[in-house]
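Work through these exercises with the model open.

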Amino acid sequence: MGNFDDIPITSPDSDRFGFDPFASAISDCIRSIENPLGSVAAIYGPWGSGKSSVINLVRHHLAKDAPDLDVINFPAWMYRTEDALAVGFFKELYAGLSPVLSDQTKAAGALRKLGANLAGASSLAGMAVGLFAGSVGEKATTATLDALGGFIEQGEAAEDLQATLADALREAGKKFLVVIDDLDRLSPEEALVIFRLVKSVGRLPNVMYLLAYDREATEQAVARRFPSEGAHYLEKIIQAGFELPQPDQSHLNVMMGEVLNGLAADLPEIDPVEFGNLFHSIVAPELKTPRDVFRLANTISITITPIKSDVFFPDFVSLETLRVFRPAVYRAIRQNKSAILNAGQNDRYDQRETRSAQYTSMLLRSESEEDHEHLRDALMRLFPQLQNVFANMSYSGTREWARQRRVCSAEHFDTYFRFSVSPKTIPKAELDYLIDDTRTVKEIQDRVREAVSITQAEGRTKASYILDELTAHGLNISLDQGEKLLSALFGMADELFLEQDEGRGFASFGNNRLRLHWLLRSILLDRTTLHERTEILTRSIEGATLQWHLDISNDAWQDYHPSNPDSEPSSEAETLTTHVAAERLQARSLELLRAAAASDTILSAKTPARLLYDWDRLQPDGAVEVMNYITRALGDDTKLCQLASAFLGKSYSHGMGGFGGAPGDLVQRENDRAQVDGIDRLLDVDEFRRRLNEALGSDGLDEQQKSTISRFLVAWERRDAGED
């Protein structure tokens with residue numbers, strides 16, 4: 001099964017479907033016919049069921065057990081027109097019979113004349129184009145036409161020619177078997193030509209025929225051509241018909257299993273029960289013939305290549321099976337992503353029956369009703385969310401789906417239909433790079449910095465998806481590498497706090513600050529003791545940026561002193577550090593804030609307002625330090641502008657439309673917003689406003705700086721008026 005070639009077998013030792021006893025029985029029947037007179041046997045089976053393999057096995061047994069029988073092969077599928085089929089039939093018959101007729105010139109000539117008469121002399125002139133493709137075929141065509149054309153004589157009846165030929169074949173005392181395989185490849189009209197030829201001249205002494213075709217399809221074609229006779233037309237031609245035995249399902253399953261085992265050999269170990277459930281509910285029911293196995297094997301071996309490490313292999317195999325054998329179901333899944341991934345989340349229990357009918361129609365409309373139950377079960381295995389509508393239970397998503405890169409996770413769904421990694425995630429190779437124990441802090445930072453400059457789905461940076469992916473796999477990251485990752489990300493955290501990665505309105509997918517918190521917890525919680533976490537976090541935060549140090553120290557402090565008076569302190573299992581370590585982190589944050597103020601870098605930071613409020617919060621003696629600092633800053637126009645920018649935020653509105661069906665906004669509107677709640681703790685509000693208005697006439701500020709101050713003042717006035 002290395003290359004999945006759909007090549008018929010030629011010997012019993014290659015038989016994996018139990019065809020050889022069947023082929024041996026047919027060969028015995030053929031050998032037992034003592035005086036055949038154009039006897040015709042047929043092997044019936046649908047396309048791809050193994051008819052060619054059985055014929056090869058029949059040849060094998062005849063060559064061994066019937067040396068006095070010559071086999072003549074007629075590759076009917078190589079001929080491209082009905083006229084060419086007629087000429088080709090007699091060419092192959094002549095070539096096969098000529099060795100025993102070579103001493104009987106009259107008999108050999110009779111065969112060629114008979115072929116010319118029955119093929120139709122009027123059509124021979126244009127047949128060079130239709131007989132074969134390629135130079136060899138053209139030469140064969142020319143030779144055939146010359147041979148046939150030279151023997152066409154008026155006045156010789158087909159009956160006389162056939163009688164002459166019959167006498168010669170009786171005297172020769174040798175048997176012939178004409179094998180005509182692959183009638184499935186012919187059009188119905190072309191297949192009928194073969195039956196006509198066998199019927200009209202096939203009844204020759206010591207000549208037998210073995211045909212192979214799809215009985216149901218062929219009988220339907222004959223019934224359309226000869227409605228009065230229907231299937232009886234073929235009954236007059238075929239003396240013995242053999243239905244190809246259906247391969248044992250277990251044999252098909254084993255062969256497909258070998259293919260999949262080979263493709264998955266370099267992948268991490270897969271739960272055999274989970275894979276087995278998907279295989280037997282989705283893959284196995286579609287495997288009915290050997291060709292089904294080869295067809296699916298070839299498809300998967302090609303399509304899996306670019307994304308092999310970025311999908312859950314059993315899910316991919318299942319979806320590819322649907323794409324090959326049930327394309328309408330596959331398209332319905334692809335087109336209804338949101339409905340499937342969010343199935344039944346907001347439904348009431350009494351709506352289940354209605355929703356089940358709706359989803360059945362949405363996904364299985366193209367399939368016969370008798371297959372619906374089986375397909376619903378298959379889809380629930382691929383998408384557990386569908387249990388909410390197809391089964392009497394409630395099922396919510398898990399992070400394990402994303403960690404496994406399952407198709408039922410929103411992050412990875414698109415990868416299965418794009419045959420490339422979804423823009424909502426990152427390739428596994430990049431994840432492996434970041435969690436490789438040999439990576440240094442600098443290498444990790446360089447890779448993440450590169451990702452900051454790349455925009456992916458929903459306008460978010462690739463870095464935000466890296467954080468999501470690391471969080472999903474937090475439990476799989478070693479603690480040593482986890483500490484290295486945290487140190488790297490903490491040391492560049494300010495670079496990650498990007499506006500484009502902020503979730504707003506209906507696109508509330510969080511922000512990178514939250515993602516760092518989630519990553520921290522996914523690596524440390526549930527697998528470390530409180531003492532271990534404290535040590536790892538204390539070391540990781542040493543090189544952290546100022547704002548991130550404040551975030552972590554505040555988070556650790558909140559575990560013991562929640563800001564909400566109604567909340568209880570966190571349990572030890574959920575606490576980041578010991579209480580002593582949390583106090584030390586708070587003290588260190590205050591030191592860093594004072595240092596930033598002394599170096600005049602606090603107002604040029606990414607989030608100066610948050611730093612000022614944190615400084616106020618951390619002071620043991622009130623806001624004196626902050627107010628003194630800001631009072632000095634108000635005297636400097638540049639710092640004044642920085643303060644205005646620090647408290648100038650944004651708000652977003654979304655018009656929902658008016659009465660009577662008026663359309664609403666399709667995108668959000670961005671508005672300036674004065675974020676001045678609690679500002680009086682930090683500065684003299686009246687003096688701040690006075691200085692802002694005064695600075696608008698200053699020659700020391702450029703137009704952009706004045707615009708910032710003006711926008712802030714307007715937003716502040718709008719807020720005071722209750723319009724914000």
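Predicted model: local features only at pLDDT ≥ 70, side-chain atom pairs only at ≥ 80, totals over all residues.

Residues are numbered from 1 along each chain as its sequence is written, and side-chain values use heavy atoms, with hydrogens and water left out.

**Exercise 1. The whole chain**

Solution: 
- Start with secondary structure. Helices (H or I, at least four residues) and strands (E, at least two) are DSSP runs, numbered from the N terminus.
- Next, burial. Buried means under 20% relative accessible area, exposed means over 50%, and partly exposed lies in between (1.4 Å probe, protein chains only).
- Finish with contacts, meaning heavy atoms within 4.5 Å. Take those between residues at least 6 apart in sequence: 74% join residues at least 24 apart.

**Exercise 2. Helix 29 against helix 30**

Task: Describe how helix 29 and helix 30 are oriented, and which residues meet.

Solution: 
- Get the geometry. The axes of helix 29 (residues 546-560) and helix 30 (residues 579-598) come within 9 Å and cross at roughly 150°. Axes are lines fitted to C-alpha atoms, for helices over the stretch in contact, and angles run from 0 to 180 degrees between N-to-C directions.
- Classify the angle. Helix 29 and helix 30 are therefore roughly antiparallel. Angles under 35 degrees count as roughly parallel, over 145 as roughly antiparallel, 65 to 115 as roughly perpendicular and the rest as oblique.
- Assign the hand. Helix 29 passes helix 30 in a left-handed crossing. Left-handed means that the near helix is turned anticlockwise from the far one by less than a right angle; clockwise is right-handed.
- List the residues. Helix 29 contributes residues including Leu 546, Leu 550, Trp 557 and Tyr 560. On helix 30, the partners include Ala 582, Leu 585, Leu 592 and Ala 596.
- Sort by class. This contact of helix 29 with helix 30 has 10 nonpolar, six polar and two charged residues. Ala, Val, Leu, Ile, Met, Phe, Trp, Tyr, Cys and Pro count as nonpolar, Asp, Glu, Lys and Arg as charged, and the others, Gly among them, as polar.

**Exercise 3. Two further helix pairs**

Task: Repeat the analysis for helix 22 with helix 23, and for helix 31 with helix 32.

Solution: 
- Helix 22 (residues 428-435) and helix 23 (residues 441-452) have axes that come within 9 Å and cross at roughly 150°.
- Glu 430, Tyr 433 and Leu 434 of helix 22 meet Glu 443, Ile 444, Arg 447 and Val 448 of helix 23. The classes are four nonpolar, no polar and three charged.
- For helix 31 (residues 608-618) and helix 32 (residues 624-634), the axes come within 8 Å and cross at roughly 140°.
- Leu 612, Trp 615 and Asp 616 of helix 31 meet Glu 625, Val 626, Tyr 629 and Ile 630 of helix 32. Five of these residues are nonpolar, none polar and two charged.

**Exercise 4. Positive phi**

Task: Locate Asn 206 and Phe 419, and state their phi values.

Solution: 
- Recall the background. Most residues other than glycine have a negative phi.
- Asn 206 has phi near 65°, a positive value. Asn 206 sits in the loop between helix 8 (188-201) and strand 4 (207-213). Its relative accessible area is 10%, so Asn 206 is buried.
- Phe 419 has phi near 55°, also positive. Phe 419 is in the loop between helix 21 (415-418) and helix 22. At 26% relative accessible area, Phe 419 is partly exposed.

**Exercise 5. Gln 385 and Gln 404**

Task: Is Gln 385 buried or exposed, and what does Gln 404 touch?

Solution: 
- Gln 385 lies in the loop between helix 18 and helix 19 (387-390). Its relative accessible area is 5%, so Gln 385 is buried.
- Beyond four places in sequence, Gln 385 touches Ile 340, Leu 341, Ala 343, Trp 401 and Cys 408.
- Gln 404 is in helix 20 (residues 399-404). Gln 404 is partly exposed, at 24% relative accessibility.
- Not counting residues up to four places away in sequence, Gln 404 touches Glu 274 and Phe 312.
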